[in-house]
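Q: I'd like to learn how to read a model like this one, feature by feature. Could you walk me through it?

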Amino acid sequence: MSPSGPKAARFSPINSLRCMGLAHEKLAYSPVGRIFVTKKSQPADAMRSILDSWRIRSGALAATDGRWHDPKYGIVFQRGQGATLWDVLGRDYIDLTCGYSTANFGHCFPPLVQALSHHSGVIGHLTGELHPAKIELAEQLLASTVYANSNMPDLPEQHSLAAQIGNRVGGQTGRVIFNVSGSRAIETAWQAALAHRPGRILCLGPGFHGRSMATSPLSNLESPEEAVPVVNRAAFINWSSSEYPYCERCPVQLTYPACDTQCGQPLLEFLQREAPSISAVLVEPALGARGYIVPPNEFFIRIRRVTNEHNVLMIADEIQTGLGRCGAMQLSAAQGWTPDLVVIGKSLGGGLLPISACVGRADVLDCLPPMAVSETFAATPLACAVALEVLKQLRESDWIEMGSQIGEKLRQSAANCLGSFCTIGGIGASCTIEFSGLDGRMEESQNLAQTFASACCRHGVLVHLSGPWRTRVVLLPPFVINQSELATAIERLGRAASEIIQCSRPE
Ligand SMILES: Cc1ncc(COP(=O)(O)O)c(C=O)c1O
């Protein structure tokens with residue numbers, strides 16, 4: 001893969017490019033050692049011109065840099081395989097972002113690519129019509145949650161994921177509604193909840209549920225008023241971020257488990273009081289987009305108890321946490337509580353095609369009139385074929401266990417190199433690094449997190465800079481990362497860590 005250090009050290013164009021004064025951070029020039037062999041002979045001018053041409057073209061298309069949603073410093077990626085991405089100059093990067101848990105099987109995982117290419121020769125597009133892959137996928141999604149469909153014929157054993165979950169509630173009849181994106185599936189769940197019982201939807205402060213017009217106010221965006229000019233504020237309650245169990249930065253300055261999740265008490269009291277006006281509580285079992293913050297299980301179990309008492313629905317947004325990323329098919333089930341509706345997306349399409357689904361209680365989803373949420377591209381034959389292969393992989397191989405082992409290895413490595421001024425956490429195939437700075441100041445924590453994320457990128461490992469205050473770095477390895485890629489990632493993370501340790505040493 002990457003050439004070793006000495007070989008690359010002979011490769012002078014990088015240094016000359018640096019001398020030319022190109023923005024080092026923006027272009028993410030790698031340190032020597034990561035140039036893809038075939039491009040080694042590119043002269044500096046040619047490299048510069050390739051980069052300039054892509055930058056000029058992207059600049060002409062985007063009104064501002066921010067519109068590209070590019071936290072990766074202007075890299076233009078060309079291809080990917082497994083856990084590795086290559087940019088237009090052939091430089092390799094170990095991808096520990098997986099598109100926020102969309103590409104859990106890495107890039108171009110052969111069984112998924114095969115499913116896609118095979119089915120593309122079988123049938124083309126269908127809008128809403130039935131086809132075998134859609135029926136099978138709906139059956140399997142029902143079987144993988146706690147909702148069985150009592151009208152369903154007995155399925156062969158290999159079709160049932162229920163055994164893996166071990167949390168099936170007998171007698172509940174379920175339904176599945178497909179959508180294309182995660183936001184749209186959250187809207188489906190919200191609409192069904194409203195049709196089931198009118199009222200407000202309550203979502204929790206730092207959560208993220210999408211950027212469609214309806215979901216943006218539920219997503220704690222920087223400027224919610226501007227982002228959602230037409231959604232009536234009376235439709236939702238955004239519970240204060242300062243009362244969320246973010247244990248690494250405890251809002252009530254206590255420590256778990258002695259705290260007994262006291263920070264959640266005001267929410268429970270509010271729910272008890274306001275339940276008649278609330279239709280549903282929407283939660284992420286771990287805050288995916290805000291840095292994989294995992295509340296203690298009791299937090300959700302207690303909310304579930306109160307919502308059950310008052311017939312308030314609970315919707316679990318498992319778009320990031322489900323399908324194995326957090327060590328289980330559904331994190332809510334692993335936490336010991338049962339949602340009424342579960343929303344999945346992202347990795348269901350194997351990182352190849354978009355597909356999402358809202359799975360849950362039939363008596364809730366049946367409140368929606370037929371066709372109320374239909375979409376042209378929902379559950380197309382190709383997307384369903386890929387999704388079926390994703391579920392097959394999760395069912396027939398130990399990917400979830402392997403993902404958790406990789407997560408543990410990264411947590412240990414992060415603790416070794418950064419443990420002295422970071423709190424390392426994460427669950428399943430995730431590793432979180434919370435920067436607290438030498439004196440715990442927010443600004444210093446933010447600087448350190450940002451500096452570390454940029455250094456990782458420069459050293460050739462892609463990570464997410466995250467957290468409600470951008471004080472966290474999150475590593476999300478694909479389940480398929482191989483030993484050599486993992487070793488390379490750990491070595492590069494170590495190099496990035498030593499850079500920031502040096503920077504933060506007192507003068
Ligand atoms: C937890 C969660 N919910 C919902 C969404 C929205 O999904 P999409 O971008 O597919 O609309 C996201 C996307 O990042 C997410 O992370």
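**Reading the fold**

A: Two residues are in contact here if their C-beta atoms, placed from the backbone, lie within 7 Å. This is a predicted model, where local features need pLDDT of at least 70, side-chain atom pairs count only at pLDDT 80 or more, and totals for chains, interfaces and linings use all residues. Residues are numbered from 1 along each chain as its sequence is written.

Q: How many helices and strands are there in the chain?

A: The chain has 18 helices and 15 strands. Both are DSSP runs, numbered from the N terminus: helices are H or I with at least four residues, strands are E with at least two. Of the 507 residues, 48% count as buried. Buried means that 20 or more other C-beta atoms lie within 10 Å of the residue's own, exposed means 12 or fewer, and partly exposed is in between, with C-beta atoms placed from the backbone.

Q: Which residues of helix α6 are buried?

A: The general idea is that an α-helix has 3.6 residues a turn, so residues three or four places apart point the same way. In α6 (residues 110-120), the buried ones are Leu112, Ala115 and His119. Seen down the axis, they fall within an arc of 60°, so they line one face of the helix; the arc is that of the directions from the helix axis to the C-beta atoms. These buried residues pack against α15 (381-396). On the face turned away sit the exposed residues Pro110, Ser117, His118 and Ser120.

Q: Where is alanine 387, and what is it in contact with?

A: Alanine 387 is in helix α15. It counts as buried, with 31 C-beta neighbours inside 10 Å. Leaving aside neighbours within four places in sequence, alanine 387 touches Leu137, Leu348, Gly349 and Ile355. Serine 356 is 31 residues from alanine 387 in sequence, and the two are 9.6 Å apart in space, C-alpha to C-alpha.

Q: At what angle do α11 and α12 pack?

A: Two packed helices are described by the angle between their axes and the distance between the axes. Here α11 (residues 265-274) and α12 (residues 297-309) pack at about 10°, with axes 10 Å apart. That makes α11 roughly parallel to α12, a label for angles under 35 degrees. Axes are lines fitted to C-alpha atoms, for helices over the stretch in contact, and angles run from 0 to 180 degrees between N-to-C directions. From α11, Leu268, Leu271 and Gln272 meet Arg302, Ile303, Val306 and Thr307 of α12.

Q: What about the backbone, say phi of asparagine 311?

A: Most residues other than glycine have a negative phi, and most peptide bonds are trans. Asparagine 311 has a positive phi, near 60°, and lies in the loop between α12 and β8 (313-317). Leucine 323 also has a positive phi, about 55°, in the loop between β8 and α13 (331-335).

Q: Are those two residues, asparagine 311 and leucine 323, buried or exposed?

A: Asparagine 311 is exposed, with 12 other C-beta atoms within 10 Å, whereas leucine 323 counts as buried, with 27 C-beta neighbours inside 10 Å.

Q: Which peptide bond is cis, with omega near 5°?

A: The one from tyrosine 256 to proline 257. Proline 257 is in the loop between β6 (236-239) and α11.

Definitions and conventions
Parallel < 35°, antiparallel > 145°, perpendicular 65-115°, else oblique.
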